[in-house]
Amino acid sequence: MSIYLHLFLTFLSIGAFTFGGGYAMLPLIQKAVIDNEWLTEEAIVNFIAVSESTPGPFAINIATYVGMETGGFLGAICATLGVVAPSFVIILIVARIYVLIKFQPN
């Protein structure tokens, strides 16, 4: 499996099965990154400190960083899309259901 697909699928599963935002995802991200030997534990801890001071959602920042360190620019895109895709799809489904319910005749 290519590194890009592996990054995408790893962060897709983290994004799909974690509720509560970036900090709730942190243990899963740490485990996946260390198990796959993408980064050292020290590097993750250092980036967590940096990520809290940078703008943007924490989960997206850390996914982008791991992807960039692991697979370059394309890796960053794959990891970021993976972590964002589940939420995006859920919102699209909810919006579609809302439109169907709101515009039904009485």
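## Core, bent helix and surface of a predicted model

Of the 20 residues in the largest nonpolar core, those that touch the most other members are Phe11, Ile29, Val33, Ile62 and Val66; such a core is a set of buried Ala, Val, Leu, Ile, Met, Phe, Trp, Tyr and Cys residues joined through side-chain atoms within 4.5 Å, where buried means under 20% relative accessible area, exposed over 50%, and partly exposed in between, with a 1.4 Å probe and protein chains only. Two or more residues of this core come from each of H1, helix H2 (22-35), helix H3 (41-53) and H4, and H4 gives the most, with seven residues. This is a predicted model, in which local features need pLDDT of at least 70 and side-chain atom pairs count only at pLDDT 80 or more, while totals for chains, interfaces and linings use all residues. Residues are numbered from 1 along each chain as its sequence is written, and side-chain values use heavy atoms, with hydrogens and water left out.

**Helix H4**

- Helices are DSSP runs (H or I, at least four residues) numbered from the N terminus, and H4 covers residues 58-102 but spans only 34 Å between its end C-alpha atoms, whereas a straight helix of 45 residues would span 66 Å, taking 1.5 Å times one less than the number of residues.
- A kink of about 145° in H4 is centred on Gly71, the bend at a residue being the angle between axes fitted to the seven residues ending there and the seven starting there.

**Nonpolar surface patch**

- Ile3, Tyr4, Met68, Phe73, Leu74, Ile77 and Leu81 make a nonpolar surface patch of about 640 Å²; patch residues have over 30% relative accessible area and no salt bridge, and nonpolar side chains (Val, Leu, Ile, Met, Phe, Trp, Tyr) are joined within 5 Å.
- Helix H1 (3-16) and H4 each supply at least two residues of the patch, and the largest share, five residues, comes from H4.
- Tyr4, found in helix H1, counts as partly exposed because its relative accessibility is 31%.

**Salt bridge and loop**

- The structure holds one salt bridge, defined as a side-chain nitrogen of Lys or Arg within 4 Å of a carboxyl oxygen of Asp or Glu.
- That salt bridge joins Lys31 to Asp35, with the closest N and O atoms 2.6 Å apart, and both residues lie in helix H2, four residues apart, about one turn of the helix.
- Glu37, in the loop between H2 and H3, has a phi near 55°, a positive value in a residue other than glycine, and Glu37 is exposed, with a relative accessible area of 71%.

Definitions and conventions: Patches are made of residues with over 30% relative accessible area and no salt bridge: like charges are joined within 9 Å, nonpolar side chains (Val, Leu, Ile, Met, Phe, Trp, Tyr) within 5 Å. Accessible areas come from the Shrake-Rupley method with a 1.4 Å probe; for residues, only the protein chains shown count as cover.
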